[in-house]
Amino acid sequence: MGFSFRKSKKIGNGGKITFSNSGISVSHGNKWMRTTRNSKGQVTKTYRIPGTGIRYTSRGKSIFIDLLYILLILAGFMGLSDKENWHIGLGMIIIFGYLFIKRCKK
């Protein structure tokens, strides 16, 4: 095993710059979603559901495909087929979809 180095510094509201042995990366986001660009120019998008440990990470895919994956994950997670709690799953899909679209427009 070799040595590694990583140091992060907050910049602005929701921004972060990270220095590591592989280069410099810049990211911006909040507790729901984060976009990161590394020193090679690759973009990574990470979507989270805070408090659950569930996250989805994509590299170089369409935003609409990402949204579809997120909605499918939420639908499966909440179990829309449950006759008593289907409205909770539907509500989460609507809210998370709205937050995602609102964030992408910025």
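User: What makes a stretch a strand here?

Analyst: Strands are DSSP runs of E with at least two residues, numbered from the N terminus. The model is predicted: local features need pLDDT of at least 70, side-chain atom pairs count only at pLDDT 80 or more, and totals for chains, interfaces and linings use all residues. Residues are numbered from 1 along each chain as its sequence is written, and side-chain values use heavy atoms, without hydrogens and water.

User: Why are S2 and S3 said to pair?

Analyst: Two strands pair if DSSP finds at least two bridges between them. Strand S2 (residues 15–20) and strand S3 (residues 23–29) have six bridges, in the antiparallel sense, so they count as paired. Ser20 stands opposite Gly23 in S3.

User: What is the order of the strands in the open sheet?

Analyst: The order is S1-S2-S3-S4-S5-S6, with antiparallel pairing. Strand S1 (6–11) and strand S6 (54–59) are the edge strands, because each pairs on one side only.

User: Which strand gives the largest share of the lining of the largest pocket?

Analyst: S3 does, with five residues. A lining residue has an atom within 4 Å of a pocket point; a pocket is an open set of points on a 1 Å grid over the protein atoms alone, where a 1.4 Å probe fits, with protein on both sides within 12 Å along at least five of seven lines. The lining has 23 residues, and Ser25 is among the closest to the pocket's centre.

User: How are the lining residues divided by kind?

Analyst: Two are nonpolar, 14 polar and seven charged. Asp, Glu, Lys and Arg count as charged; Ala, Val, Leu, Ile, Met, Phe, Trp, Tyr, Cys and Pro as nonpolar; the others, Gly among them, as polar.

Key
Helix = DSSP H or I, 4+ residues; strand = E, 2+ residues; numbered from the N terminus.
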